[in-house]
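This briefing is for a reader who is new to the structure shown below. Please keep the sequence and the 3D view open while reading.

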Amino acid sequence: MSQLYRSAIGARMAKLPDNSPEDEANEENDELADSLGSLPSAMCPPAFASFHCTKKLPNPAYTPISPSGYYAQALEVSVPSRGLDVRAYYTPPRSERGGVFVLHHGAGYSGTSFACLAKELVDLTKGEVGVFAFDARRHGKTTATGSDENLSMDILVEDLCALIQKVFPEPATAPVLMLVGHSMGGSVVVRACPKLLECKYMVSGVAVLDVVEGTAVEALPHMHALLNTRPEGFDSIEEAIEWHVNTRTINNPTSARISVPSILVQKDSTLSPRTRGNEAYEYRWRTPLRSTAPYWESWFVSLSTLFLSLRTARLLVLAGAERLDTPLMIGQMQGKFWLEVMSNHGVGHLVHEDDPTRLAEILSEFWRKNERLEVRGTVVKRVGER
């Protein structure tokens, strides 16, 4: 493990006071941190997260911000075939010929995680493209009419395809789609793309944000130890936002103030999970990550091969250059996908929250390079297709 990679991991860890008892008691944390790779930070939060001790008054500097100023619409989409009422956020393109970025969040997050990025994309393209984000099952404000416990990859892929078919029921008149997924969501969009193409939807490209199969799979055995250091809940939304910022889980306070409220629920909510240790907290995690453990392997296995085999343009955005596994290194040398590394932009795993402006520039350029090229009304190919 090179010093550069150790530094990249260290930048994502929380900073402790000099006399931190965790630092003194556990000399193996550095070695454990080295194996984190590109796992979702919601799955692998900073390893030295501070424990809840005493209640404190909410800090007004971390007052929540409504996502209403970042999306044009908040939708409740009923998908009976999947037993879901999906909360979605949508800003349509300015014209019917415009395209739409479909944004799938990572484990433990929600559609509001993309709020700042969504606004930047719309502003940068002057409304030429729209944005569509949503809360996956057992996440955010999406609710189920039946059981929604199963978070296996096959279930999540079918959910996304059914949702697209519900929102854009006619493939012939649907906008051109650009699929963007963060971490776990990256695996979903990679697997959903071929299915949508089979249904005659036009997909101009797939963008995966900060997830690599090799390092993710290697880190899975350490997940439960890391989750032991994560708070079980918070006394206020402000405290939760402050924790995300102080531990560098989210490096952009504005984005944290928008996204964090939707990944928590009050203790008396019907969506409130009952887990050991969270009884005393007013706010609990909407998606306790330990409960998703049976599905972790299915989220990441075969991701690199499937990504490289996509019959559309491919973009991989990473927070650090050393997170490529061997198949992706070979694919990159062969020019099979576009790679962008944002390590010089002060970002962590949540690249879309930490620097939405730079990521919007990357995605909009990717979009423009892969728009349909037409000759006398006939689609010839998309840039990047072989």
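**Surface patch, cavities and contacts**

Met-329, Ile-330 and Met-333 make a nonpolar surface patch of about 330 Å². The model is predicted. It holds 3 cavities of 30 Å³ or more and 10 salt bridges. The points below are grouped by topic.

**The nonpolar patch**

- Met-329, one of the residues of the patch, is found in helix H13, which covers residues 326-333.
- Met-329 has a relative accessible area of 42%, so this residue counts as partly exposed.

**The second largest cavity**

- The second largest cavity contains about 50 Å³ of space.
- Its lining is formed by Val-79, Arg-82, Leu-84, Val-86, Phe-134, Asp-135, Ala-136, Arg-137, Asp-159 and Leu-163.
- Strand S2 (84-91) and helix H5 (153-167) are the elements that give two or more residues to this lining.
- By residue type, the lining of the second largest cavity has 6 nonpolar and 4 charged residues, and no polar ones.
- Arg-82, Arg-137 and Asp-159 are among the lining residues, and a network of salt bridges links these three.

**Salt bridges around Arg-358**

- The side chain of Arg-358 forms a salt bridge with that of Glu-340, at 3.7 Å from N to O.
- This pair links distant parts of the chain: Arg-358 lies in helix H15 (residues 356-369) and Glu-340 in strand S12, 18 residues apart.
- Arg-358 is partly exposed, because its relative accessibility is 23%.
- Glu-340 has a relative accessible area of 17% and is therefore buried, as the cut-off for buried is under 20%.
- Arg-358 also meets the side chain of Glu-361 in a salt bridge, with an N to O distance of 3.2 Å.
- Both Glu-361 and Arg-358 belong to helix H15, where they are 3 residues apart, or about one turn of the helix.
- Glu-361 counts as partly exposed, with 35% relative accessibility.

**The salt bridge between Lys-267 and Glu-282**

- Lys-267 and Glu-282 meet through their side chains in a salt bridge of 3.8 Å, N to O.
- Lys-267 and Glu-282 are 15 residues apart, and each lies in the loop between strand S9 (264-266) and strand S10 (283-285).
- Lys-267 is partly exposed at 34% relative accessibility.
- Glu-282 is partly exposed too, at 25% relative accessibility.

**Residues with a positive phi**

- Most residues other than glycine have a negative phi.
- Arg-138 is not a glycine, yet its phi is positive, at about 60 degrees.
- Arg-138 is located in the loop between strand S4 (129-134) and strand S5 (143-144).
- With a relative accessible area of 6%, Arg-138 is buried.
- Ser-302 is not a glycine either, and its phi is positive at about 75 degrees.
- The loop between helix H11 (296-300) and helix H12 (303-308) contains Ser-302.
- Ser-302 counts as partly exposed, with 33% relative accessibility.

- Gly-346 sits in the loop between strand S12 (338-341) and helix H14 (351-354).
- The relative accessible area of Gly-346 is 55%, so this glycine is exposed, the cut-off being over 50%.
- Gly-346 and Asn-251 are 95 residues apart along the chain, while 8.0 Å separates their C-alpha atoms.
- Ser-255 is part of helix H10, residues 253-259.
- Ser-255 counts as buried, because its relative accessibility is 2%.
- From C-alpha to C-alpha, Ser-255 and His-352 are 9.2 Å apart in space, and they are 97 residues apart in sequence.

Definitions and conventions
Residues are numbered from 1 along each chain as its sequence is written. This is a predicted model: local features need pLDDT of at least 70, side-chain atom pairs count only at pLDDT 80 or more; totals for chains, interfaces and linings use all residues. Side-chain values use heavy atoms; hydrogens and water are left out. Patches are made of residues with over 30% relative accessible area and no salt bridge: like charges are joined within 9 Å, nonpolar side chains (Val, Leu, Ile, Met, Phe, Trp, Tyr) within 5 Å. Accessible areas come from the Shrake-Rupley method with a 1.4 Å probe; for residues, only the protein chains shown count as cover. A salt bridge is a side-chain nitrogen of Lys or Arg within 4 Å of a carboxyl oxygen of Asp or Glu. Helices (H or I, at least four residues) and strands (E, at least two) are DSSP runs, numbered from the N terminus. Buried means under 20% relative accessible area, exposed over 50%, partly exposed in between (1.4 Å probe, protein chains only). On a 1 Å grid over the protein atoms alone, a cavity is a set of points where a 1.4 Å probe fits but cannot get out, and a pocket is an open set with protein on both sides within 12 Å along at least five of seven lines; lining residues have an atom within 4 Å of a point. Grid points are joined across faces, edges and corners, and a volume is the space filled by probe spheres set on the points. Ala, Val, Leu, Ile, Met, Phe, Trp, Tyr, Cys and Pro count as nonpolar, Asp, Glu, Lys and Arg as charged, and the others, Gly among them, as polar.
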